[in-house]
Amino acid sequence: MTDSAAEPAPRLPDELRPWIAETGTGTSTSTSTSTSTEDTDPPKVFVRLPDSATKLLVRTEGTGRPALLVSGPRVRATYHRGKPSVSCTEFRLPPGTVRAVLGVPAVELVGRVVPLGALPGRTARQLAYELGRLDHEDAVARLTDLLPDRLPTPAGGTRHALLRAAVTALSVRSDRIPGQVGDVARELAVSERQLRNLFSDGVGLSPKHYARIDRVRAVLAHADELRWADLAVVTGYYDQSHMTSDFRALMGVPPRSYFTGRLPAPGSCQAIDSL
């Protein structure tokens, strides 16, 4: 359902690993929407999956110069028709680093895609100026020069350590079932309210909604490996019906419909629970 041509992602230097979780590069192209002949392919539908990460994007459309954008957490899938050729490199920010890198709490970016230089405060504007008109590879090198020197390492902060531990505990892993929010809060010796505040600032979502997105993405990644009932268990759902309900809420259709190509109409929005 997603339709992009993968390109080699820029290598991530060790100096950037506290600040950039991973990089990815791709190019997507539109297809004809004409239906004048029987053998014309139907227009492609591009799916933007739910995503808990905030990303810095270096994006080029056609022959235009690169644009620096910030994409906040996306709480549900969206569906779009094919677009003109777009080349984009994304830098995913780890939980807890958004304010340090961009100067704003992650919650202010939920559901938004904005120019880097349009964010309030000096931090983002300065970063936009420093990156200038650099292309994908040059942006990696420039970020390597900028971030370690300008920003204090987040690794030693108590709040950062708590957030990373909570994210790990709530995420699907191959060796264990993800924890429940209340249990994770007790294990970390914080209240659920404190945990929500940590997630609001450092991730942008509530712990519950972060876990929902992580589970649905795990279902998407492993749907061809396990039976539905088994997949529900290993991704932390009570049963298959709960998995189907959560999948529908975030993806707009139940799992079977999604994987057989019966998608919502492009541009449609599906109601979901509050964050």
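The following is a dialogue about a predicted model and the terms used to describe it.

Visitor: What does the protein contain overall?
Guide: The protein has 10 helices and 8 strands. Of its 275 residues, 43% are buried. The accessible surface is about 14200 Å², and carbon and sulfur atoms hold 49% of that surface.

Visitor: What share of the contacts with a separation of 6 or more joins residues 24 or more positions apart?
Guide: The share is 66%.

Visitor: Why are Phe247 and Phe259 called an aromatic pair?
Guide: Their ring centres are 6.3 Å apart, and rings pair if the centres lie within 6.5 Å. The value is within the cut-off, so the two rings count as a pair. A search of the whole structure gives 5 aromatic pairs.

Visitor: Why is the pair called tilted?
Guide: The angle between the planes of Phe247 and Phe259 is 40°. Stacked needs under 30 degrees and edge-to-face over 60, so the pair falls into the remaining class, tilted.

Visitor: What makes Arg215 a charge over the ring of Tyr237?
Guide: The charged end of Arg215 is 4.8 Å from the centre of the Tyr237 ring, and the distance limit is within 6 Å. Arg215 is listed as sitting over that ring.

Visitor: How do you know that the buried residues of α2 are on the same side?
Guide: The buried residues of helix α2 (residues 122-131) are Ala124, Leu127, Ala128 and Leu131. They cover an arc of only 100° around the axis, and therefore lie on the same side of α2. The face turned away from the buried side carries Arg122 and Tyr129, which are exposed. After α2 comes Gly132, with a positive phi near 55°.

Visitor: What makes the span of helix α4 close to the expected one?
Guide: Helix α4 (residues 158-170) has 13 residues and reaches 18 Å from its first C-alpha to its last. At 1.5 Å a residue, 18 Å is expected.

Visitor: Which residues of α4 are buried, and what covers them?
Guide: His160, Leu163, Ala166, Val167, Ala169 and Leu170 are the buried ones. Their cover includes α5 (181-187), α6 (192-202) and α7 (207-222).

Visitor: Why is Val75 called buried?
Guide: Val75 is placed in the loop between β5 (67-71) and β6 (78-81). Its relative accessibility is 14%, under the 20% limit, so Val75 counts as buried. From the C-alpha of Val75 to that of Ala249 is 9.9 Å, with the two residues 174 apart along the chain.

Technical notes:
Residues are numbered from 1 along each chain as its sequence is written. This is a predicted model: local features need pLDDT of at least 70, side-chain atom pairs count only at pLDDT 80 or more; totals for chains, interfaces and linings use all residues. Side-chain values use heavy atoms; hydrogens and water are left out. Rings of Phe, Tyr and Trp (its six-membered ring) pair if their centres lie within 6.5 Å; planes under 30 degrees apart count as stacked, over 60 as edge-to-face and the rest as tilted. A charge sits over a ring if NZ of Lys or CZ of Arg is within 6 Å of the ring centre and within 35 degrees of the ring normal. Helices (H or I, at least four residues) and strands (E, at least two) are DSSP runs, numbered from the N terminus. The expected span of a helix is 1.5 Å times one less than its number of residues. Buried means under 20% relative accessible area, exposed over 50%, partly exposed in between (1.4 Å probe, protein chains only). Contact means heavy atoms within 4.5 Å. Accessible areas come from the Shrake-Rupley method with a 1.4 Å probe; for residues, only the protein chains shown count as cover. The arc is that of the directions from the helix axis to the C-beta atoms.
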